[in-house]
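Student: Could you take me through one part of this model in detail? I would like a close look at the place where the two chains meet.

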Amino acid sequence: MPFSVGGHDLTITPSLGISMYPVDGKDFETLLRNADAAMYKAKEAGRNAFRFYSSEMNVATLKHLLMESGLRRGLGAREFVLHYQPLVHIESGVTIGVEALIRWQNPDVGLIPPDQFIHVAEDIGLINPIGDWVLREACRQIRAWQDAGLPSLVVAVNVSPLQFRQVGFVDTVASALASSGLDARFLELELTERTVMNDAELNLGTLSALNKMGVELSLMISELVTRRWPI
Amino acid sequence: MGRSLRLKVLAEGVETKEQYAILRGMGCELVQGYHFSRPLPPEELVAFLKKHPFVGKE
């Protein structure tokens, strides 16, 4: 039920985590930590929910922690790779571009798809360096293919909301183009609806600067996309 | 909707011939998905381009 505050209807969606003495912990610290783990489960369940703590939650937390340290190491150790999926023109059946999609080549686990690590990268503030790497690498690869005599493909790159809103994003794009030597019209940035709608005034400035640079912009409206780059 | 706003319409995640036919009927211009190719490592993409028709941007 919304609360009326100063003429605005505000709705809150609390997430509650519950731990019980003594089964879930014998001291304050343990109880609080376990309640916290349960609260994150409630958030994952879509908020506006409560969850009781269970010991499996700590296994999930441990996996999360391992992934955090793995991601930090992976970025430094160049463990990320891009795969390219053809974009096909319907009328002619001709490939006119590719979409660059990140994969994590983890030395222990193998190839990890983005839906399994992007949300963690967003949580720990690694999404900007990873996103910037994707931009630079996609531009470099497409330019290298052009130099090798392959057709002048367009490359589409997903931009996460956090990356788009970071200070200096326009400069990051400009620098990826400049250092690769790729012409701006071969780069297409894929933005989600939510990315653009949030703080429209700020975003309009960024969009128009990118547009002036000659970069193609595309707006994704499908659910499939938010699943691939969870917000 | 995309077309009435003069936006380019791209459908992602096309997996079957039926989905492709529907999108074609709707006037969608660009598609991507497993029906055509899964995402490929760079060297496999080069092989794909050598086997399938492509055009570069002018």
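Tutor: Happy to! Let's start with what holds the two sides together by charge: the count of salt bridges between chain A and chain B is zero, where a salt bridge is a side-chain nitrogen of Lys or Arg within 4 Å of a carboxyl oxygen of Asp or Glu. Please keep in mind that this is a predicted model, in which local features need pLDDT of at least 70, side-chain atom pairs count only at pLDDT 80 or more, and totals for chains, interfaces and linings use all residues. Residues are numbered from 1 along each chain as its sequence is written, chains are lettered from A and ligands numbered from 1 in the order in which they are written, and side-chain values use heavy atoms, with hydrogens and water left out.

Polar contacts do occur: two residue pairs, both at pLDDT 80 or more, link chain A and chain B in this way. Such a contact is a pair of N or O atoms within 3.5 Å; within protein, one must be able to donate a hydrogen and the other to accept it, and residues adjacent in sequence count only if both atoms are side-chain atoms.

Which elements of chain A supply two or more residues to this side? They are β5 (80–89), β6 (94–106), α4 (127–147), β9 (187–192), β10 (216–220) and α9 (223–228). Helices (H or I, at least four residues) and strands (E, at least two) are DSSP runs, numbered from the N terminus. β5(A) gives the largest share, eight residues. By class, the side of chain A that touches chain B has 20 nonpolar, seven polar and eight charged residues; here Ala, Val, Leu, Ile, Met, Phe, Trp, Tyr, Cys and Pro count as nonpolar, Asp, Glu, Lys and Arg as charged, and the others, Gly among them, as polar.

β5(A) also pairs with strand β2 (residues 30–32) of chain B, in the antiparallel sense and over two bridges; two strands pair if DSSP finds at least two bridges between them. In this pairing, H89(A) stands opposite L30(B) of β2(B).

Now for the totals. In all, 35 residues from chain A and 32 residues from chain B take part in the contact, meaning heavy atoms within 4.5 Å. Together the chains bury about 2,900 Å², with 64% of it on carbon and sulfur atoms; buried area is the accessible area (1.4 Å probe) that two parts lose on being put together, summed over both. On the chain A side, Q85(A), V88(A) and I90(A) lose the most area to chain B, together 23% of what that side buries.
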